[in-house]
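Subject: The structure we talked about

Hi there,

Here is the structure I promised to pass on to you. Please open it and keep it beside you while you read the rest of this email.

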Amino acid sequence: MNKAKRVAGVVLSSVLTISLLLTGCSDSGGGPEAQGGKNGQKEPVTLKFSFWGDTIEKKTVTEALERFEQETGIQVEPMHVPADYLTKMTTMVAGNVAPDLGYLSSGAALSWGRDGKLLNLTPFMENDPDFKKEDYLDQIWYEIEPGNIIAMSTAVEGYGLMYNKDLLLEAGVELPPTDANKAWDWDTFVEYAKKLTLDDQGRNALDPNFNPDKIRQFGLQYDPYNMMAAVVSNGGNFLTEDGTGFGLARPEAIEAIQKLADLMYVHHVSPTPLQTKNMPDTALQTKKVAMTVSGNWALQAFAEQDFNLGVGVLPKLKESNTLLDGAPTVIFKSTKHPEEAWLLYKYMTDPESVLPLIEGGLWMPLKKEWYTNPELINKWAAGNKAHPEGYTEAFMKQTIENGFRTPGFEVKNLDKINALVTPALDLVWTGKQKAEEALKGVEPKVLPLIEGYYGR
């Protein structure tokens with residue numbers, strides 16, 4: 001018996017086990033199409049898996065789905081949606097023709113999960129002898145209430161500082177620490193960013209004759225909408241700890257957000273949103289920018305460019321941390337094949353199944369062992385350009401020890417709240433209002449929408 005058939009045997013055995021154990025646990029699927037044909041023979045099952053992503057992600061995910069087909073005999077129809085993904089999913093769900101499983105935005109997942117449009121994964125996890133929840137990172141779960149987990153992250157995406165090492169060395173700036181205990185404080189960070197910001201005459205932003213209207217190299221590119229790392233580093237959060245107040249309107253959050261805005265309009269070390277629109281994707285390589293703050297996924301693109309890439313932990317205001325993001329993958333309630341969908345779901349959460357995406361720098365793995373076992377770490381985070389020296393400490397260790405989740409994992413009613421908060425923040429990021437004015441101004445409208453946290 002070859003390896004593929006042995007794996008198929010194990011997987012199909014799991015199907016039967018789960019099918020028996022889940023009887024009575026799920027009120028979806030289980031119809032004639034899933035259970036058998038007229039003569040009691042099990043009919044071929046075809047699952048639809050929807051996802052987004054660039055060319056590399058499309059290729060790797062499609063290949064993983066093909067391997068799943070070969071190993072299980074369960075057919076999978078890949079449904080790649082490169083644009084307007086949520087619009088398409090919304091239309092399909094409304095027409096009761098949703099895929100069996102696939103990616104989803106966090107806001108839609110939490111909303112649709114609460115509306116009963118997604119399967120609760122808890123019974124599958126509890127009744128699958130091959131699955132252990134404790135094998136996975138604690139920060140990846142989308143749980144809308146105790147015992148109702150609607151998703152895992154599709155991947156882990158930690159944030160860090162990425163930079164063109166040659167530019168820092170030329171400017172005499174020490175390289176960013178990879179050890180969280182040595183993270184730059186904010187003043188040091190700003191000073192170095194100024195030293196790396198150059199005008200058209202080569203004067204840096206510490207020079208009294210520096211011209212902020214003629215900048216040819218920014219010290220930093222920082223998407224201010226990824227502000228939560230700075231907010232939490234300063235002791236704040238999106239909501240208050242008890243989930244009843246608007247945390248962004250509290251002093252510690254306002255201070256952090258204003259410091260981010262000051263990078264653009266006071267220190268002139270980071271491009272404004274308008275200037276960012278004109279920045280090429282190769283800004284580090286072409287020396288338009290010396291450092292950038294981004295998620296792990298950016299490493300994939302940087303690895304394909306020709307420059308000396310370095311990584312470090314984020315600068316801190318009070319405590320060192322990293323922001324963890326990751327859109328969920330869900331199983332839609334309308335699936336007629338819940339057991340087979342769970343098998344595919346579990347398969348796609350295994351780092352081995354999507355190793356090219358992890359090794360290439362787009363994703364970080366979901367399983368804890370891939371952060372601690374040297375043999376597994378060597379499979380993805382060592383010896384390749386997407387994971388330069390210092391990565392294991394600056395990203396992996398920081399994710400495990402100091403990673404916290406974006407509000408998208410746990411804040412109820414977030415889409416409606418953000419419909420008010422985002423325009424208020426736009427005023428800050430465009431320099432039209434101070435953070436305190438904008439956030440205090442929107443707070444009375446936000447408070448009636450606050451419903452607390454999921455999964456706390």
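Below is a tour of what turned up, taken one topic at a time. Please keep in mind that this is a predicted model.

Let's begin with helix α18, which covers residues 435-446. Which residues of α18 are buried? They are Ala435, Ala438, Leu439, Val442, Glu443 and Val446. Looking down the axis of α18, you would find these buried residues within an arc of 140 degrees, and therefore they line one face of the helix. An α-helix has 3.6 residues a turn, so residues three or four places apart point the same way. The partners that the buried residues of α18 pack against are α10 (251-265) and α17 (414-429).

Now try helix α8, residues 186-196. Its buried residues are Trp186, Phe189, Val190, Tyr192, Ala193 and Leu196. Seen down the axis of α8, they fall within an arc of 165 degrees, so they too line one face of their helix. What do the buried residues of α8 pack against? The list has helices α7 (165-171) and α10, together with strands β7 (198-199), β8 (215-222) and β9 (289-295).

**Cavities inside the model**

How many cavities of 30 Å³ or more are there? The count comes to 5. The largest cavity has a volume of about 90 Å³. Its lining is made of Phe49, Tyr103, Met152, Ser153, Thr154, Thr329, Tyr345, Met348, Thr349, Trp363 and Leu366. Strand β5 (148-153) and helix α13 (338-349) each supply at least two residues of that lining, and the largest share, 3 residues, comes from α13. By class, the lining of the largest cavity has 7 nonpolar residues, 4 polar ones and no charged ones.

The second largest cavity has a volume of about 50 Å³. Around it you will find Trp186, Tyr222, Ala229, Ala230, Ser233, Leu314, Pro315, Lys316, Glu319 and Asn321. The lining of the second largest cavity divides into 6 nonpolar, 2 polar and 2 charged residues.

**Two residues with a positive phi**

Asparagine 96 is not a glycine, yet it has a positive phi of about 60 degrees. Look for it in the loop between α4 (85-94) and β3 (101-103). Is asparagine 96 buried or exposed? Its relative accessible area is 59%, and since exposed means over 50%, asparagine 96 counts as exposed.

Lysine 287 also has a positive phi, near 65 degrees, and it is a residue other than glycine. Its place is the loop between α11 (273-277) and β9. With a relative accessibility of 41%, lysine 287 counts as partly exposed.

Glycine 243 lies in the loop between α9 and α10. Its relative accessibility is 6%, so it counts as buried, for which the limit is under 20%. Along the sequence, glycine 243 and glycine 452 are 209 residues apart, but their C-alpha atoms are 4.2 Å apart in space. Beyond its neighbours within four places in sequence, glycine 243 is in contact with Ile450, Glu451, Gly452 and Tyr453.

Alanine 381 sits in the loop between α15 (374-380) and α16 (391-402). At 4% relative accessibility, alanine 381 is buried. Leaving out residues up to four places away in sequence, it touches His387, Tyr391, Thr392 and Met396. From alanine 381 to leucine 47, 334 residues away along the chain, the C-alpha separation is 32 Å.

The last stop is proline 356, in helix α14 (residues 355-359). Proline 356 is partly exposed, at a relative accessible area of 40%. Between proline 356 and tryptophan 380 there are 8.4 Å in space, C-alpha to C-alpha, and the two are 24 residues apart in sequence.

Enjoy exploring!

Best wishes

Technical notes
Residues numbered from 1 in each chain as written. Predicted model: local features only at pLDDT ≥ 70, side-chain atom pairs only at ≥ 80, totals over all residues. Heavy atoms only, no water. Helix = DSSP H or I, 4+ residues; strand = E, 2+ residues; numbered from the N terminus. Expected span 1.5 Å × (residues − 1). Buried < 20%, exposed > 50% of the residue type's maximum accessible area, 1.4 Å probe, protein only. Arc of directions from axis to C-beta. Contact = heavy atoms within 4.5 Å. 1 Å grid on protein atoms, 1.4 Å probe; cavity = no way out; pocket = protein on both sides within 12 Å on 5 of 7 lines; lining within 4 Å. Points joined across faces, edges and corners; volume = space filled by probe spheres on them. Nonpolar A, V, L, I, M, F, W, Y, C, P; charged D, E, K, R; others polar.
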